[in-house]
Amino acid sequence: MPRCRLNSVRALFPCCRTFVLACLVVHGGSAFAAIFTVGTGTGCTHGTIQSAIDAANAAPGADTVRVTRSLTYQAQANTISGSENLNLVGGFATCAQAATDNIKTVVSGFGGVPEPVFRITAATGVVVKLRHLTITRGDEDGNGGGIWFQGNGKLEVIESTITNNSAAYGGGIYAFGTGTNAELLISEGTVISNNTADYSGGGVSIGGALKMTMSAPNSTISSNVALGLAAGTGVGGGLQVKGPATAYIASSGVNGLGAIDGNRAINGGGISIISGYFSGTDATVYLYTTSPSQPGAVRRNHASNTGGGVYLQSYQSGPDYSSGVLCASDFLINDNAARDGSAIYLDSGLSGSRTYGGAVRFNYPSCLPVGAVRCASGIPCNTVSGNTAVSTGGGPSDGATVRLLSDAYLEAYRFEMRGNRGGDAIRADGVNASIDIRGCLLANNELTRQLIRADDGVSVDIEDCTITRNVIGLTDVLHIERSLTLRNSIIDQPNNLTLAFFGLGGFSLNVTNILARDISSLPNNSSIISGDPSFIDATNGNYHLQRYSLATDFAPAGFGDNRDLDNLPRDQDLPGVSNLFGPRDLGAYERQIGAGDCGTADSIFCNGFEP
């Protein structure tokens, strides 16, 4: 194609060939951007998508290929591998149409060879954008049924649907980064659904040094499946993240679906996070929100074995240890199911005689991504709720909601667990595992075993938590075999003993500032008292404290900008309420000073109507 030089306005368009609809002159006259149109009829420049892509690759500049609906596109196996930026856009009825009409152009692999519908390679600095397309019926024997992407550039998918594709890995999309600039961007209005992986990564599989971001609104990875037809596979029904890849998930979802919703696998129905086995590098997923009214959600996923919502595994390669890591802030992990770890399962890798576990962090200060925002007041948020442990036959199992194996870490701040069903709410066994939960509400769970069970080798720290109205099948609320720190908390379980403590293997037991129904199983300490916590409305699930609750102004003040489960300040010294040991309230919620000394969350009781 000839290059257009801007000698005059009159001279510009005559120098462009007829198959180019527009030329954009770049300073110096060395390059321009062209528009190529695919279809039949007036104004069309190409009869196939691949021929238009090839023409764009041969021309300098950031070119656009418009794919109209004037043709039917089947048996598609297109390759994009140029060194120039490319926009491939559907949503045009005819080649003469000047603007998209938002009706997606269907590009199908049906009837063709076993290849991705689009095979894309992007060098450093190259940006490829796909918009207003439905990419379907790709059936690759290897990686990437709908889209295969590799390189050190960027692929952005915008307002498109990736559906009913299949592959060994990455039924919908497979993306592998060969350098640190590699990025997969799942932008606004993109739905990745009903794709199948024979092995792993039903919806999306990412690996290498790739960053995936899905933070724009109205996008979802939903109803995909990882079949696990080979041993050691079947992980990541919705999304498979293999280290050192990183994924940022914050989309509000679409039409009532969460960001990761209704996917299925053997392990990790929603997401699997697998650290780099050969590279010794972490695999990390950030689950957060960019819309205060619509938190990022992992919802309604199912694993036939472990990790209904999220499955994590870690490895060691030589001297290097790497973890699968989940960083969640202002999130929802709700209504998932699995035999064990119905919400989250932290598996362990093995090297010789040593195991290596993953890490889950809720609202952890060093784990907040740029752009994360808080949920709006009154919006359900920071919840692990409604998850169910089910057997392979569909009946109930004794699996936990959150399960940790050796060397795994749960560091969870400002979260609640409600309405989960299974054996234990949180269970850890093995060696060197750790449970650290603060500012938490554990309520209305239905459990056949204990609320928290930590076997020998596990350390447990519980602080500023409210535990109430759980149905617990065994005698004790807490079963701790090694070490426990329990402080500033409410344990309102009238039909259970608070603690079974065994003190194995160099144990420690530190219990202070506790209001519990049962204190017979706790140490003899003046800061441990028995009584009714006087919640605002426990019957309807409001576990904020009444003004004159035994738990208000109970404990010494903390340090720094402490926040309660409502993200409100701690250590509010209520007028007219005497301090027992200090101004801090026990449990998940701090009663705020305001009109009538009412808490923000229960302001309906202000002005003389509070209990």
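Aspartate 532 and arginine 517 join through their side chains in a salt bridge of 3.6 Å, N to O, the term denoting a side-chain nitrogen of Lys or Arg within 4 Å of a carboxyl oxygen of Asp or Glu. Aspartate 532 sits in the loop between β56 (528–530) and β57 (535–537) and arginine 517 in the loop between β55 (508–516) and β56, so the bridge ties together parts 15 residues apart in sequence. Strands are DSSP runs (E, at least two residues), numbered from the N terminus.

Aspartate 532 is partly exposed at 41% relative accessibility, and arginine 517 is partly exposed at 33%. Here buried means under 20% relative accessible area, exposed over 50%, and partly exposed in between (1.4 Å probe, protein chains only).

## Basis of the model

The model is predicted: local features need pLDDT of at least 70, side-chain atom pairs count only at pLDDT 80 or more, and totals for chains, interfaces and linings use all residues. Residues are numbered from 1 along each chain as its sequence is written, and side-chain values use heavy atoms, with hydrogens and water left out.

Glutamate 463 and arginine 487 form a salt bridge, with their closest N and O atoms 2.8 Å apart. This pair links strand β49 (residues 458–463), which holds glutamate 463, to strand β53 (residues 483–492), which holds arginine 487, across 24 residues. Glutamate 463 is buried at 14% relative accessible area, whereas arginine 487 is partly exposed at 23%.

A salt bridge of 4.0 Å, N to O, also joins lysine 129 and glutamate 156.

## Network and total

Asp340, Arg403, Arg427, Asp429, Arg453, Asp455 and Glu481 are linked in a salt-bridge network. The count of salt bridges comes to 25.

Notes
Helices (H or I, at least four residues) and strands (E, at least two) are DSSP runs, numbered from the N terminus.
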